[in-house]
Amino acid sequence: MDLIRLVNVKKTYKTGVTAIQDLNLSIKKGEFVFIIGSTGCGKSTLIKMLYREEKPTSGQIIVGGVNVGRLRNGKVYKIRRKIGVVFQDYKLLPKSTVYENVAFALEIFGIPKEEIHSKVIKVLELVGLKHKIKSYPAQLSGGEQQRVAIARAIVNGPKLLICDEPTGNLDPSTSMEIMKVLEEINKLGTTIIMVTHSIDIVKEMNRRVIVLDSGRLLKDYEEGTYR
Amino acid sequence: MKTFRIIGRNIRDAFKGVFRNFSLSLASISCITITLIVVAVSIVLSYNVDNFTNLVEKDVTIVAFLDNELDDEQIDGIKDKISVVDNVEKYEFISKSDITKDMMESSDIFESIMKNWSDEENPIQNTFQVKVEDINDIDKAAKDIKKIEGVTLVKYGEGMVEQLVSAFDVVHKICLISVVALILVTAFLISNTIKITISSRQREISIMRLIGASNLNIRIPFIIEGLLLGALGSIIPIIMTIYGYISIYQKFNGQLFSPFIKLIPPTPFVYTTSLLLLGIGIIVGMFGSWRAVRKHLKI
């Protein structure tokens with residue numbers, strides 16, 4: 001069953017630059033997909049359209065049955081609650097502890113304190129940071145900060161986790177630790193789409209790979225076929 | 001239950017926001033404090049000017065001089081007629097003997113002249129002293145009284161009263177305009193300072209949006225934070241208004257320079273002014289936050 005379906009998607013920015021054109025794509029529930037390509041090929045634009053940071057100029061983007069391109073600004077939060085997003089720069093609240101950063105994603109929905117506590121502890125356990133709940137982001141390494149960001153992205157139990165170069169700022173061994181965490185999350189049923197520049201990671205993980213070039217789909221490698 | 005939890009979280013986050021961004025919060029609070037002090041001074045001044053003009057206006061009296069040939073019955077008749085004249089608030093009959101007595105008591109010279117006057121020789125007339133409700137229509141009331149048979153002359157300081165009334169009107173309007181203008185300037189200043197405070201937290205707002213917070217979810221803690229900043233910023237102006245005004249009132253014995261210029265008694269004046277300051281601080285603080293966050297929600 002398709003979780004994501006893109007039909008004839010085109011995105012032209014106000015500056016006149018066309019970032020995505022004639023893109024048709026579908027991603028099934030539970031898949032782990034890498035999106036690769038050279039700088040400026042449209043990878044970031046593609047994932048920004050998935051969580052409706054950007055709107056397509058034409059075409060349809062269906063995520064979990066919702067046409068996200070047609071969502072009004074005031075309703076965007078509805079789709080965002082079903083999607084977790086992880087960034088290269090972690091985007092953590094510097095003045096909040098690890099626990100508060102993760103709990104933040106649950107508190108805004110009015111979830112009871114006890115439930116928040118058990119969910120946060122569970123998810124921090126999953127990313128291996130249970131012992132750092134009282135630390136502030138500045139006291140953590142890059143890899144640890146990224147694991148906090150992942151914990152925050154998945155604590156709501158999203159169907160889809162979008163990762164925009166999550167290992168971009170990390171050394172190879174820390175990057176592989178992050179990939180292991182993501183693999184665990186994928187095993188629990190969450191669909192993962194990850195943009196990366198690291199061919200080593202892509203080869204190591206051996207999953208489906210979508211290659212973009214100048215905003216078009218250049219190649220779509222099935223799981224285990226990218227070499 | 002869920003709504004209460006969300007409200008509780010919003011209040012807690014607002015407090016956290018104020019204290020975790022303390023230097024910027026302090027900047028906002030200082031700005032609110034300074035502008036509210038200016039507003040407080042202008043409110044106190046304008047209310048006192050208004051009070052003073054009202055007291056002066058109330059003091060203006062129409063004096064109706066009566067024919068000295070009238071008997072008591074005819075004077076009673078005039079009294080009835082004055083009582084039904086439009087705009088008359090109250091009136092008092094003062095007989096020629098009362099006036100003579102007052103004048104003799106007030107000066108030795110008057111006494112030496114007047115003590116030898118017989119009742120027939122006394123040129124002073126019986127009078128009615130009339131106060132009006134609306135000083136702007138004093139002229140009409142005076143003319144109506146003049147028409148009453150037995151009234152020989154009506155005086156109320158014609159010309160001067162009209163000038164005084166129009167001068168007070170101008171003063172009153174200037175006071176009102178300056179208070180409103182100051183409140184608007186305050187609103188602008190405070191909302192801009194809060195805007196800077198909140199703009200520095202753009203990252204926080206963008207993260208909230210990313211994790212699926214609705215616009216309302218994002219706005220409410222910031223609006224409560226604005227409310228808190230406004231309330232905290234109004235503390236010093238309120239203390240200054242209460243203690244400052246009471247000490248000035250006591251020092252000057254309730255009057256400024258002369259008994260003619262009376263100050264408004266501190267109670268309940270200082271408390272209503274304090275409430276007004278708190279209200280302005282809170283509303284402007286909330287408005288400033290709402291305006292600032294709105295800018296960051298247009299994604």
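I take a polar contact to be a pair of N or O atoms within 3.5 Å; within protein, one must be able to donate a hydrogen and the other to accept it, and residues adjacent in sequence count only if both atoms are side-chain atoms.

**Basis.** The model is predicted, and I noted that local features need pLDDT of at least 70 and side-chain atom pairs pLDDT 80 or more, while totals for chains, interfaces and linings use all residues. Residues are numbered from 1 along each chain as its sequence is written, chains are lettered from A and ligands numbered from 1 in the order in which they are written, and side-chain values use heavy atoms, with hydrogens and water left out.

**Interface of chains A and B.** I looked up the polar contacts across this interface and found four residue pairs, both residues at pLDDT 80 or more. On the side of chain B that touches chain A, helix H1 (2–20), helix H8 (202–210) and helix H9 (215–233) of chain B each supply at least two residues. Helices (H or I, at least four residues) and strands (E, at least two) are DSSP runs, numbered from the N terminus. H1(B) gives the largest share of that side, seven residues. By class, the side holds seven nonpolar, five polar and nine charged residues; Ala, Val, Leu, Ile, Met, Phe, Trp, Tyr, Cys and Pro count as nonpolar, Asp, Glu, Lys and Arg as charged, and the others, Gly among them, as polar.

I recorded 21 residues of chain B in contact (heavy atoms within 4.5 Å) with 28 residues of chain A. The buried area is about 2,300 Å², with 54% from carbon and sulfur atoms; this is the accessible area (1.4 Å probe) that two parts lose on being put together, summed over both.

**Salt bridges.** I counted a side-chain nitrogen of Lys or Arg within 4 Å of a carboxyl oxygen of Asp or Glu. Lys16(B) bridges to Glu100(A), with the closest N and O atoms 3.6 Å apart. Arg12(B) meets Glu107(A) at 3.2 Å, N to O. Arg12(B) lies in helix H1 of chain B and Glu107(A) in helix H3 (residues 98–107) of chain A, so the pair joins two chains.

For accessibility I used buried for under 20% relative accessible area, exposed for over 50%, and partly exposed in between (1.4 Å probe, protein chains only). Arg12(B) is partly exposed at 34%, whereas Glu107(A) is buried at 17%.

Arg80(A) is in helix H2 (residues 76–80) and Glu53(A) in the loop between helix H1 (43–50) and E4 of chain A, so the pair ties together parts that are 27 residues apart in sequence. Arg80(A) is buried at 2%; Glu53(A) is partly exposed at 28%.

**Sheet in chain A.** I traced four strands in an open antiparallel sheet, in the order E2-E1-E4-E5. Two strands pair if DSSP finds at least two bridges between them. The edge strands, each pairing on one side only, are E2 (18–28) and E5 (66–67) of chain A. Strands E1 (residues 2–12) and E4 (residues 58–63) of chain A pair over five bridges, and Arg5(A) stands opposite Ile62(A) in E4(A).

**Gln129(B).** I located this residue in strand E3 (residues 127–132) of chain B. Gln129(B) is partly exposed, at 31% relative accessibility. Residues that Gln129(B) touches include Thr61(B), Lys90(B) and Ile94(B).

Note on methods
Lists of a residue's contacts leave out its neighbours within four places in sequence.
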